[in-house]
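Colleague: I've got a fold open on my screen and I'd like to learn how to read it. Can you walk me through it, feature by feature?

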Amino acid sequence: MLSKTALFTGTQVAYFVVCPTKLWLFSHFLTRESESDLVALGALLQESAYSRAEKDILIDQKISIDFIRKGEKIILHEIKKSQKLEKAHEYQMLYYLYYLKRFKDVEAEGIINYPTKRKVKKVVLAPEKEKEIKKILENIRKIISLPSPPKPQKKSYCKRCAYFEFCFGD
Ligand code: SF4
């Protein structure tokens, strides 16, 4: 069974979906791309498009996210610039919902906002998604315990990745 200390940040869950090499590198060299950069970007978009949402909350130093309360319901809001990594965004949000349920006894729903596309995606932690998240957390643990990063696999996202030179430079 997973303990709270064995859990990871939302960024690590997103990177697991994007690329195991990136997950490994990020987890071993946390200074290359920091979580705070992503939070800063979210905050910037939030100011212009979602100024009524409550500000960032940081839970157990692992989850940094905006939320609003509607009556008894907690709704987490994540603001993303582009839909290119939509699947990673979805699993990052599912992880937040899982974390809140598992360790804070809080049932929540997620909303991912893409202001530039005027799109909103609702995320619900259905039982099969919860199982998937548990499996993902086990796999993240396995990947980051490897002594060296998994072999890089080139994909369209690589051009925008901070580790491009590391993976494919001369
Ligand atoms: S450059 Fe590509 S293969 Fe290397 S870490 Fe980034 S996404 Fe992964």
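Predicted model: local features only at pLDDT ≥ 70, side-chain atom pairs only at ≥ 80, totals over all residues.

Colleague: Let's start with helix 2. How many of its nine residues are buried?

Modeller: To judge burial, you look at relative accessible area, and under 20% counts as buried. In helix 2, seven of the nine residues pass that test, so the helix is mostly covered. The buried ones are T21, K22, L23, W24, L25, F26 and S27.

Colleague: And what covers the buried residues of helix 2?

Modeller: The cover includes helix 1 (10-18), helix 5 and helix 6 (164-168).

Colleague: Take helix 1, then. At what angle do the axes of helix 1 and helix 2 cross?

Modeller: For a helix pair, you read the angle between the two N-to-C directions. Here the axes cross at roughly 150 degrees and come within 6 Å. Angles over 145 degrees count as roughly antiparallel, and that is therefore the label for helix 1 and helix 2.

Colleague: Which residues make that contact?

Modeller: On the helix 1 side you have T11, Q12, Y15, F16 and V18, and helix 2 brings P20, K22, L23, F26 and S27. Sorted by type, the contact of helix 1 with helix 2 has six nonpolar residues, three polar and one charged.

Colleague: Now helix 5. How do helix 2 and helix 5 pack?

Modeller: Helix 2 covers residues 20-28 and helix 5 covers 127-144; they pack at an angle of about 70 degrees, with their axes 9 Å apart. Anything from 65 to 115 degrees counts as roughly perpendicular, so that's how these two helices lie to each other. The crossing of helix 2 past helix 5 is right-handed.

Colleague: Fine, single residues next. Is H89 buried or exposed?

Modeller: H89 sits in helix 4 (residues 86-104). With a relative accessible area of 10%, H89 is buried. To see what a residue touches through the fold, skip its neighbours within four places in sequence; for H89 that leaves contacts with K80, S82, I112 and Y114.

Colleague: What about R118: buried or exposed?

Modeller: Exposed, because R118 has 78% relative accessibility. R118 lies in the loop between strand 4 (108-114) and strand 5 (119-123). Check its backbone as well: phi of R118 is near 55 degrees, a positive value in a residue other than glycine.

Colleague: Let's zoom out. How many helices and strands does the protein have?

Modeller: Six helices and five strands. To get the order, walk along from the N terminus, and you read α-α-α-β-β-β-α-β-β-α-α.

Colleague: And over the whole protein, what share of the residues is buried?

Modeller: Of the 170 residues, 46% are buried. For a view of how the chain folds back on itself, look at sequence separation in the contacts. Taking contacts in the protein with a separation of 6 or more, 66% are between residues 24 or more positions apart.

Definitions and conventions
Residues numbered from 1 in each chain as written. Heavy atoms only, no water. Axes fitted to C-alpha atoms, helices over the stretch in contact; angles between N-to-C directions. Helix = DSSP H or I, 4+ residues; strand = E, 2+ residues; numbered from the N terminus. Parallel < 35°, antiparallel > 145°, perpendicular 65-115°, else oblique. Left-handed = near helix turned anticlockwise from the far one by under 90°. Buried < 20%, exposed > 50% of the residue type's maximum accessible area, 1.4 Å probe, protein only. Contact = heavy atoms within 4.5 Å. Nonpolar A, V, L, I, M, F, W, Y, C, P; charged D, E, K, R; others polar.
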